[in-house]
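Hello,

Here is the structure I promised to pass on. My notes on its charged side chains follow below it.

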Amino acid sequence: MNRKNEEKDREGMKVLIMGLRSAGKTSLVKHVFEGKEWEDVKDLKPTEFVHTVEYKYRGLLEVTIFDAGGQKQFIYSYFTDQWASRIFSKVGIFIWVLDSSDKNTFNESKNELKKALSYLQKYSPESRNFICASKYDKHVITLEELRRIFANWNIEEISATSIPLGVAREIICTILDGAMSPQVKLKVDQLQKFLIKFNKKESASATMVINKADGLEIASAVNVKRLFNPKLKYLSIKSFIEPLDKAKEIFIQKDDIDFAVWHVGTNFIILFDLTEQFALFSIIPERNFKIGDMLHRLQIIKDKIIQSLE
């Protein structure tokens with residue numbers, strides 16, 4: 001089991017995302033892996049055939065996304081001898097996106113899912129299979145109905161997702177977090193312990209190391225109870241940073257240092273580049289904050305954080 005996870009971390013896990021047209025597959029991909037919010041993804045053009053893109057989820061797990069367009073002519077071709085083995089082979093995670101707001105397409109979606117699962121059984125029998133009931137803010141089919149209908153299918157979990165309601169990223173992240181190897185989880189635990197020490201020393205309310213591409217935390221430490229929320233790990237920091245443009249902002253650029261500061265209320269919020277891929281986000285009380293001293297201390301811990309992520 002561990003060996004399989006190690007191989008997935010090294011080679012990249014194949015995630016196959018399928019569903020009928022307009023079910024919200026590409027929106028889900030961009031929401032999770034690029035940190036996009038509803039306004040950014042609500043009017044995307046339909047995907048033609050299969051769009052393949054590589055991401056490094058949380059900066060920890062290499063994934064290759066196969067985003068399969070849901071128009072009838074494309075779905076038909078996926079099950080042909082020419083394409084079936086290419087699409088359904090070596091799948092680690094399979095996600096069927098079912099539009100819960102459209103009862104008229106339910107039977108069609110159910111039939112195509114049945115075909116997909118049969119091909120997965122043939123080409124990727126060890127794949128983990130999931131159903132995401134998308135657009136659940138407008139659902140006409142309940143989660144209970146879906147779980148009853150698909151009770152005896154080879155589905156690990158059926159979950160409700162809605163990007164506008166903020167209950168989509170958490171579902172996909174939970175699936176992917178479960179695919180992390182024990183070695184990666186240990187690395188994250190060690191980094192979290194380091195951030196707890198940093199928080200205590202700086203009297204910081206919260207500190208996170210984030211992955212820039214998706215805006216998701218890699219590890220975090222929170223000292224203030226009102227800020228602690230188990231769902232924090234599913235928040236893209238991009239959605240938090242953008243409103244700060246209205247606050248007083250200071251940028252410091254010196255040599256290869258990128259360091260942004262926002263003064264909000266009685267706190268300073270800092271965003272400090274660690275590498276092209278990672279950044280540190282922290283909330284420091286203004287009584288403990290001097291830019292020059294803080295920049296110096298951040299430079300000291302920078303190498304330790306980078307080393308822990310290697």
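In this predicted model, the side chains of Arg169 and Glu37 form a salt bridge, with N and O 3.0 Å apart. The two partners are 132 residues apart: Arg169 belongs to helix 8 (residues 169-177), while Glu37 sits in the loop between helix 2 and helix 3 (38-41). Arg169 is buried at 5% relative accessible area, whereas Glu37 is partly exposed at 25%.

Searching the whole structure gives 13 salt bridges.

- Glu202 pairs with Arg297, their closest N and O atoms 2.7 Å apart. Because Glu202 is in helix 9 (residues 182-202) and Arg297 in helix 11 (residues 291-309), the pair ties together parts 95 residues apart in sequence. Glu202 is buried, with a relative accessible area of 5%, and Arg297 is partly exposed at 23%.
- Glu108 pairs with Arg21 at 3.4 Å. Glu108 is in helix 6 (residues 106-123) and Arg21 in the loop between strand 1 (13-19) and helix 2, 87 residues apart. Both are partly exposed, Glu108 at 22% and Arg21 at 34%.

Lys25 is buried but has no salt bridge. What is the nearest side chain of opposite charge? That is Asp67, 5.6 Å away. A polar atom of the Lys25 side chain does lie 2.7 Å from the backbone oxygen of Leu20. Beyond its neighbours within four places in sequence, the contacts of Lys25 include Ile17, Gly70 and Val97.

Best wishes

Key:
Residues are numbered from 1 along each chain as its sequence is written. This is a predicted model: local features need pLDDT of at least 70, side-chain atom pairs count only at pLDDT 80 or more; totals for chains, interfaces and linings use all residues. Side-chain values use heavy atoms; hydrogens and water are left out. Buried means under 20% relative accessible area, exposed over 50%, partly exposed in between (1.4 Å probe, protein chains only). Lys and Arg count as positive and Asp and Glu as negative; His and the chain ends are not counted. A salt bridge is a side-chain nitrogen of Lys or Arg within 4 Å of a carboxyl oxygen of Asp or Glu. A polar contact is a pair of N or O atoms within 3.5 Å; within protein, one must be able to donate a hydrogen and the other to accept it, and residues adjacent in sequence count only if both atoms are side-chain atoms. Contact means heavy atoms within 4.5 Å. Helices (H or I, at least four residues) and strands (E, at least two) are DSSP runs, numbered from the N terminus.
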